[in-house]
Amino acid sequence: MLSTMSMLRSFDELSRRLDRAFESVGQGVARTQLTPALNIWQDAETLTVEAELPGFRREDIEILATHDTLTIRGERVRHDPQGAEAVRYERSFGRFERTVSFGVPIDPDGISASLRDGVLRITVPKTPEARARRIEVTGELPAGTNPRPAELPETSPERAGEASNPESSRA
Amino acid sequence: MNTNTTAIQQREHAKHAEVTYRPGTDFIEFSDRYEMVFDLPGATADSVSLTIDEGVLTLEASVRRDLNERGPSGDNAWIAREFGVGDFRRRVRIGEDIDDERMTASLTDGVLTVTLPKRAARQARRIEINPS
């Protein structure tokens with residue numbers, strides 16, 4: 001019967017064999033964490049959250065929302081390969097949970113999510129009160145008249161920016 | 001479309017494009033083959049390339065998140081930006097017992113599995129004894 005030490009040693013030898021079979025070459029920013037990286041952006045009506053969840057299936061992911069937060073929970077289960085002689089694992093498995101606090105009220109019932117190619121995309125509608133609104137600038141009004149949008153010249157500040165920044169307009 | 005914002009996004013793009021991500025990789029040895037498993041979130045089959053040159057396997061995946069199409073287009077649109085438009089790249093020198101001509105790969109849910117058969121000479125074989 002093998003002692004624990006000799007079992008460890010033999011496993012260690014197998015790992016070294018894998019190291020010899022696959023020697024890493026080159027550099028880069030290592031990406032092995034389980035807790036997903038997030039990209040979050042917004043427009044006037046919607047917040048969008050993207051999470052990197054490679055190897056997750058829909059049923060592995062749970063999304064919870066309150067009036068201004070979103071929580072993503074998940075679990076990635078490692079299925080140990082049948083008949084493996086040696087393994088060297090860098091990928092992370094297990095449970096994670098991340099909560100995002102938006103700081104603006106959201107509509108939890110309007111949230112939708114899709115999972116594609118290992119990227120989860122969640123669309124979160126803002127409540128009507130939280131939506132950005134464009135406020136028209138009005139001219140000076142004579143007393144008693146209804147407010148009307150002021151007649152602004154065609155050139156907006158953005159267009160002025162374009163003219164003064166030829167590099168950006170080339171794109 | 002706000003032109004000034006476009007300029008900012010292009011700078012962001014350039015900044016992130018300098019980053020090359022080294023994907024987490026599992027290495028598994030079986031009696032007849034090796035398997036390598038890479039996490040490549042966002043990658044599609046046509047964005048992944050696998051090449052072998054002088055015993056070095058190079059995996060490259062270009063995950064372009066087009067900012068105008070998929071991402072924000074207005075002022076202050078980004079709230080958090082934890083992953084960018086960087087490419088995935090990993091180079092591994094592979095052992096001589098690998099038959100790289102029979103290498104296969106499949107991509108599912110952002111996970112790439114590469115199967116590298118060992119050369120036939122290295123496999124234990126059962127030899128049938130025929131009755132005379």
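Modeller: Happy to walk you through this one: helices (H or I, at least four residues) and strands (E, at least two) are DSSP runs, numbered from the N terminus. This is a predicted model, where local features need pLDDT of at least 70 and side-chain atom pairs count only at pLDDT 80 or more, while totals for chains, interfaces and linings use all residues. Residues are numbered from 1 along each chain as written, chains are lettered from A and ligands numbered from 1 in written order, and side-chain values use heavy atoms, without hydrogens or water.

Colleague: Thanks! How many helices and strands does chain B have?

Modeller: From the N terminus, chain B runs α-β-β-β-β-β-α-β-β-β-β. Its secondary structure comes to two helices and nine strands.

Colleague: What share of the residues in chain B is buried?

Modeller: Buried means under 20% relative accessible area (1.4 Å probe, protein chains only), exposed over 50%, and partly exposed in between. Chain B has 132 residues, and the buried share is 45%.

Colleague: Which strands stand at the edges of the open five-stranded sheet?

Modeller: Two strands pair if DSSP finds at least two bridges between them. The order is E7(A)-E2(B)-E3(B)-E9(B)-E8(B), with antiparallel pairing. Each edge strand has a single partner, so one of its sides is left without a neighbour in the sheet; these strands are E7 (86-88) of chain A and E8 of chain B.

Colleague: Which residue stands opposite B:Thr25?

Modeller: E2(B) and E3(B) run antiparallel and are joined by five bridges. The residue in E3(B) opposite B:Thr25 is B:Phe38.

Colleague: Is A:Ala65 buried, partly exposed or exposed?

Modeller: A:Ala65 lies in strand E5 (residues 61-65) of chain A. Beyond four places away in sequence, A:Ala65 touches A:Leu70, A:Pro108 and A:Ile111, where contact means heavy atoms within 4.5 Å. Because its relative accessibility is 34%, A:Ala65 counts as partly exposed.

Colleague: Which residues lie closest to the centre of the largest pocket?

Modeller: A pocket, found on a 1 Å grid over the protein atoms alone, is an open set of points where a 1.4 Å probe fits, with protein on both sides within 12 Å along at least five of seven lines; lining residues have an atom within 4 Å of a point. The space here is about 500 Å³, a volume being what probe spheres set on the points fill, with points joined across faces, edges and corners. Of the 22 lining residues, the closest to the centre are A:Val77, A:His79, A:Arg91, A:Phe93 and B:Val111.
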